[in-house]
Amino acid sequence: MAALTLLAVLPATAAQAAAPAGVTATVGADCTAGRLLLDLDNRSTTAQTYTVTWPGRSGSPWTRTVAAGGNAELYWTLSPGTPYTLRTTTPTGLDETTSGIFHCGTGMSALAGFDCTNGRLQLALENRTTTARDFTVTWPGRTGSPWTRTIAAGGNFLH
């Protein structure tokens with residue numbers, strides 16, 4: 001059973017306007033290389049300048065300009081169990097914060113993020129193992145907490 005405790009909503013500044021359609025930042029992992037990945041995808045019709053901030057991380061913030069219709073990738077080589085918090089913004093309205101603990105090797109992951117544009121806390125649960133697994137989410141003080149969700153082998157769930 002995997003357990004994730006959400007202690008607080010991450011602070012973030014609300015975007016002034018919604019980001020153009022197709023302007024996204026997606027966290028992933030390359031477990032073979034031990035890397036946390038951030039894909040900056042710009043499917044809009046104009047170039048976008050992304051700023052990525054990781055509080056306390058050497059070299060932060062990072063800025064990348066991505067051409068219309070293009071993408072760029074940032075990555076960090078991490079040890080399993082390393083916590084991370086990435087805030088990605090653009091001057092055109094993208095403002096997302098994603099936090100988690102880098103887990104490669106267990107086949108199970110839980111990524112927490114905040115969609116500032118829509119004011120939503122999101123939790124993505126993924127099970128890359130060959131058997132169904134239970135995830136328990138605890139949010140102290142939240143009605144109904146804790147929640148347990150069984151994720152099928154190879155499945156995922158967005159809460």
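Which residues does V52 touch, not counting residues up to four places away in sequence? Hold that thought for a moment.

First, the ground rules. This is a predicted model, where local features need pLDDT of at least 70, side-chain atom pairs count only at pLDDT 80 or more, and totals for chains, interfaces and linings use all residues. Residues are numbered from 1 along each chain as its sequence is written, and side-chain values use heavy atoms, with hydrogens and water left out.

Now the answer. V52 touches L38, L40, S60, P61, W62, L74, W76, L86, R87 and T88. Contact here means heavy atoms within 4.5 Å.

Next, the core. The largest nonpolar core has 19 residues. Such a core is a set of buried Ala, Val, Leu, Ile, Met, Phe, Trp, Tyr and Cys residues, joined through side-chain atoms within 4.5 Å. Buried means under 20% relative accessible area, with a 1.4 Å probe and protein chains only. L36, L38, L40, V52, W54, W76 and L86 touch the most other members. Strands β2 to β7 each give two or more residues to this core. Apart from it lies another core, of 8 residues, including L123, L125, F135 and I151.

Step back to the whole chain. The count is 0 helices and 13 strands. Both are DSSP runs, numbered from the N terminus: helices are H or I, at least four residues, and strands are E, at least two. Of 159 residues, 34% count as buried.

Last stop, A112. This residue sits in strand β9, residues 108-115. Why does A112 count as buried? Because its relative accessibility is 12%. A112 and T85 are 27 residues apart in sequence, yet 9.3 Å apart in space, C-alpha to C-alpha.

How values were computed
Buried means under 20% relative accessible area, exposed over 50%, partly exposed in between (1.4 Å probe, protein chains only).
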